[in-house]
Amino acid sequence: MKISVVMPSFLGDYPNSAKNKEAKFKRAVDSFLSQNYPKKELLIVSDGCERTIICASQYAFHPNIKVIQIPKQELFSGTDRNTGLFYSTGEIICYLDGDDYFGGENHLTSISNGFNYYPDADWLYFDDHVVYSFNPTNNEILAKSKRDVTLDMGIIGTSSIAHKKLTEFNWNFCDGYNHDWTFIQKLLKKQPNPPKIDGCEYFVCHIPNSVDS
């Protein structure tokens, strides 16, 4: 099955935004390219951001990457991810924030294995890793911890889910600071007890008010 990775991108400044955004954008895209799973695509949705278009230009002709530009949206708008869903061609959807990255090479393979093992699952979830300190010079993680993700508001987010491409799984009306949870409530309505899988390697690298990484 093909996996589509949706990555919204706004590299401008806003309260509690990450630092060194261009370098982290490249880190995120390169982590997608390093995945050993063959049937994959990355949809970079530029949220009215010319800096994203410039940074993404080096990947413009890559066969597994699509760059989509939309008008600037309100902060925490669901339109960015909805746009990625619209242009995606995979049977499975997962997400990547521009200041996070996939660790190792097996994140997408683990997701695929999860859906193969649970063929009736409409969505699944997994633990992620929080990076508290990172050396950008040599990409060395200085401090991190694995996060035990549960099906609770404030704990589960797009960093720890993957879902089938279904009409009812959309980001319509999923706006505002809790837009992740609003979307996940749609997933829970369709399937209240999704399987939890092992082996995924999503690294959350920007937590407001923590050490920036």
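Guide: Two strands pair if DSSP finds at least two bridges between them. Helices (H or I, at least four residues) and strands (E, at least two) are DSSP runs, numbered from the N terminus. This is a predicted model: local features need pLDDT of at least 70, side-chain atom pairs count only at pLDDT 80 or more, and totals for chains, interfaces and linings use all residues. Residues are numbered from 1 along each chain as its sequence is written, and side-chain values use heavy atoms, with hydrogens and water left out.

Visitor: OK. In what sense do strand 6 and strand 9 pair?

Guide: Antiparallel, over 3 bridges. Strand 6 covers residues 123-126 and strand 9 covers 161-164. Trp123 has His163 as its bridge partner there.

Visitor: And how many bridges join strand 6 to strand 10?

Guide: 2, and those strands run parallel. Strand 10 is residues 196-197. Its Ile197 is the bridge partner of Phe126.

Visitor: What's the strand order in the whole sheet?

Guide: The order is 3-2-1-4-9-6-10, an open sheet of 7 strands with mixed pairing. Strand 3 (65-70) and strand 10 are the edges, each pairing on one side only. Helix 4 packs on this sheet, touching strand 6, strand 9 and strand 10 among others. Touching is contact: heavy atoms within 4.5 Å.

Visitor: New topic. Where is Asn106?

Guide: In the loop between strand 5 (101-102) and helix 4 (107-117). Asn106 is partly exposed, at 37% relative accessible area.

Visitor: What does the Asn106 side chain make a polar contact with?

Guide: The side chain of Asn36, at 2.6 Å. A polar contact is a pair of N or O atoms within 3.5 Å; within protein, one must be able to donate a hydrogen and the other to accept it, and residues adjacent in sequence count only if both atoms are side-chain atoms.

Visitor: How far apart are Asn106 and Asn36 in sequence?

Guide: 70 residues, yet 6.3 Å in space, C-alpha to C-alpha.

Key: Buried means under 20% relative accessible area, exposed over 50%, partly exposed in between (1.4 Å probe, protein chains only). Axes are lines fitted to C-alpha atoms, for helices over the stretch in contact, and angles run from 0 to 180 degrees between N-to-C directions.
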